Amino acid sequence: MKKFISIILVLVIALSVFAACGQKTDGKEDLVMATNAAFPPYEFKEGDKIVGIDAEIAAAIADKLGMNLVIEDVDFGAVLTGVAEGKYDMGMAGITVTEDRKKTMDFSDTYATGIQVIIVKDGSPITSLDDIFEFNADGDPVALKNPDIKVGVQENTTGDIYSSSAITGWGFNDLNEDESVKTDRVVRYKTGAEAVSALKSDKVDCVIIDNEPAKSFVATNEGIHILEGENEYAVEDYAICVKKGDSELLTKINKALADLKADGTVDKIVNKYIPKDGGAQ
Amino acid sequence: MVLTNSFWDTAPPWLIKMKEDFILNFVDAGRWKWLVEGLGNTLLITLFALLIGLVIGVVIAAVRSTYDKNRESMEMQKGFGYYLLKIVNGICNLYLTVIRGTPVVVQLLIMYFIVFASSRDSLMVAIIAFGINSGAYVAEILRGGIMSIDNGQFEAGRSLGFNYVQTMIHIIIPQVFKNVLPTLCNEFIVLLKETSVAGYVGIVDLTKAGDLIRGRTFSAFMPLIAVALIYLAMVVILTALVSALERRLRKSER
């Protein structure tokens, strides 16, 4: 009996210690933000800290709302699914507002715009988007022009969805004989950085990715460049996403965002990471 | 059609939600094709990696067990064969240490980005990477099986006039095969599931197919459960086949 009581006591003490760990020391509520920290300059790791435009804006918003910002670094796909399923309070990862995404999550006002660009190796025969895709009358890519070209993207990003719409065949390459396009012509990597390193070792012929991370990648890697003048085809709005129907949080975020825009904080953060002179970083 | 319509009219809301989820995740935009493609690639990688693994495993197990079994007698002769075997055995040991000492994802990425840096066929790279990985485990399973056979069996073979190789083929290997089958089956199951990291090098395998659907529909339940069920079904079928084989082999025991 003594033994039993002592076990119970130990358990109680252990539990209360755990409970104490969970308590907020400053009484603030957590604001959990999901991101994919391999997308400079919006979010990237500096040492073990996640920094970047999104991280700083989120911190400013949390500050306005009187909440504690907690950043979770997960796959880009997991950011979207996690927010849609309510696992995270909000998602901020250079997320483009699309019609499909609007169906399953709510978006805040936009805080930045992005454009999709093409990165190629120096001396690549690809000089424009027309060298990669064939387009229909609406300007959507419907096929790959040259079935030998491989396009590298980060999985589940707008670059992936855009490129994938050009791929209609079956996976087994030859199962559908009249399909000249093989589905493995779009190679989807976990991060943009992996796609770029695949480009450098000729595993893919071009990488389609958002403009700003593309600039960072080109600045830190030799022998690759962004195709100039070929980046106007997909202008996108970045916004914060929250679980569908969470209008209370969304209103608060929108209000904080409006305040931060008004007092110039957003501009200041953006300018800090993206120099106005055209990104000669 | 009338019948089905009336069923969905009276169905509980959660079931209707399930139906909508199912249609969104698998039917819309032909998303089920992702899963078929992924399943195909998973099976392709597993099958060929298994074959490569078996070949590597048999060769290495042969070298290692021959060395272990004959070391003492060969040490006395100190012939050329002894030194050759010693070197080859050392290389095999190094291979086992490196392969079993590093995670398969790391090996896959090394293969993809460094060893086969110029290859564009990621499926081929994955098959080789998983094959080389599996070979190490198969080798040790086989060696364990050979070493577990009683030495009296060898001695009996030798006293019947068989040489070392003949003893192996006619007396030892048949017993080994029966003994290692469950463990080997285990290794194949592990291999099948390990291929789920192939997505790291841009291959659309079954897991990645689920991820891609998830990233486009933003619902977690349907794609993940579907992928899990497909893996489960494959393993159940594989296990059933192996136990059928085991039963047949056991017939000779009585």
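# Two chains, helix by helix

Modeller: Let's start in chain A. Helix 2 of chain A crosses helix 9 of chain A in a right-handed way. Keep in mind that this is a predicted model.

Biologist: Which residues make the contact between those two?

Modeller: Helix 2 of chain A brings I53(A), E56(A), I57(A) and A60(A). Helix 9 of chain A answers with T265(A), V266(A), I269(A), V270(A) and Y273(A).

Biologist: And by class, what has that contact of helix 2 with helix 9 of chain A got?

Modeller: There are 7 nonpolar, 1 polar and 1 charged residues.

Biologist: At what angle do the axes of helix 2 and helix 9 of chain A cross?

Modeller: Roughly 155°, and the axes come within 9 Å. Helix 2 covers residues 53-65 of chain A, and helix 9 covers residues 265-273. Angles over 145 degrees count as roughly antiparallel, so that is what helix 2 and helix 9 of chain A are to each other.

Biologist: Switching to chain B. How many helices and strands?

Modeller: Chain B has 10 helices and 0 strands.

Biologist: What radius of gyration does chain B have?

Modeller: 24 Å. A compact globule of 254 residues would be near 18 Å. The C-alpha trace of chain B spans about 85 × 55 × 20 Å along its principal axes.

Biologist: How much of chain B is buried?

Modeller: Buried residues are 30% of its 254.

Biologist: What about contacts in chain B between residues 24 or more positions apart?

Modeller: Those make up 77% of the chain B contacts with a separation of 6 or more.

Biologist: Back to helix pairs. How do helix 5 and helix 6 of chain B pack?

Modeller: Their angle is about 135°, with the axes 9 Å apart. That makes helix 5 of chain B oblique to helix 6 of chain B. Their crossing is right-handed.

Biologist: Which residues meet in helix 5 and helix 6 of chain B?

Modeller: From helix 5 of chain B, V104(B), Q107(B), L108(B), M111(B) and Y112(B). From helix 6 of chain B, S122(B), V125(B), A126(B), I128(B), A129(B) and N133(B). By class, this contact has 8 nonpolar, 3 polar and no charged residues.

Biologist: Last topic. How many residues does each chain put into the contact between A and B?

Modeller: Chain A gives 24 residues and chain B gives 20 residues.

Biologist: Where does the largest share of chain A's side come from?

Modeller: Helix 3 of chain A, with 4 residues. By class, the side of chain A that touches chain B has 8 nonpolar, 8 polar and 8 charged residues.

Methods:
Residues are numbered from 1 along each chain as its sequence is written. Chains are lettered from A and ligands numbered from 1 in the order in which they are written. This is a predicted model: local features need pLDDT of at least 70, side-chain atom pairs count only at pLDDT 80 or more; totals for chains, interfaces and linings use all residues. Two residues are in contact if their C-beta atoms, placed from the backbone, lie within 7 Å. Ala, Val, Leu, Ile, Met, Phe, Trp, Tyr, Cys and Pro count as nonpolar, Asp, Glu, Lys and Arg as charged, and the others, Gly among them, as polar. The radius of gyration is taken over C-alpha atoms; the globule rule is 2.2 Å times the number of residues to the power 0.38. A residue is buried if 20 or more other C-beta atoms lie within 10 Å of its own, exposed if 12 or fewer, and partly exposed in between; C-beta atoms are placed from the backbone. Axes are lines fitted to C-alpha atoms, for helices over the stretch in contact, and angles run from 0 to 180 degrees between N-to-C directions. Angles under 35 degrees count as roughly parallel, over 145 as roughly antiparallel, 65 to 115 as roughly perpendicular and the rest as oblique. A crossing is left-handed if the near helix is turned anticlockwise from the far one by less than a right angle, and right-handed if clockwise.
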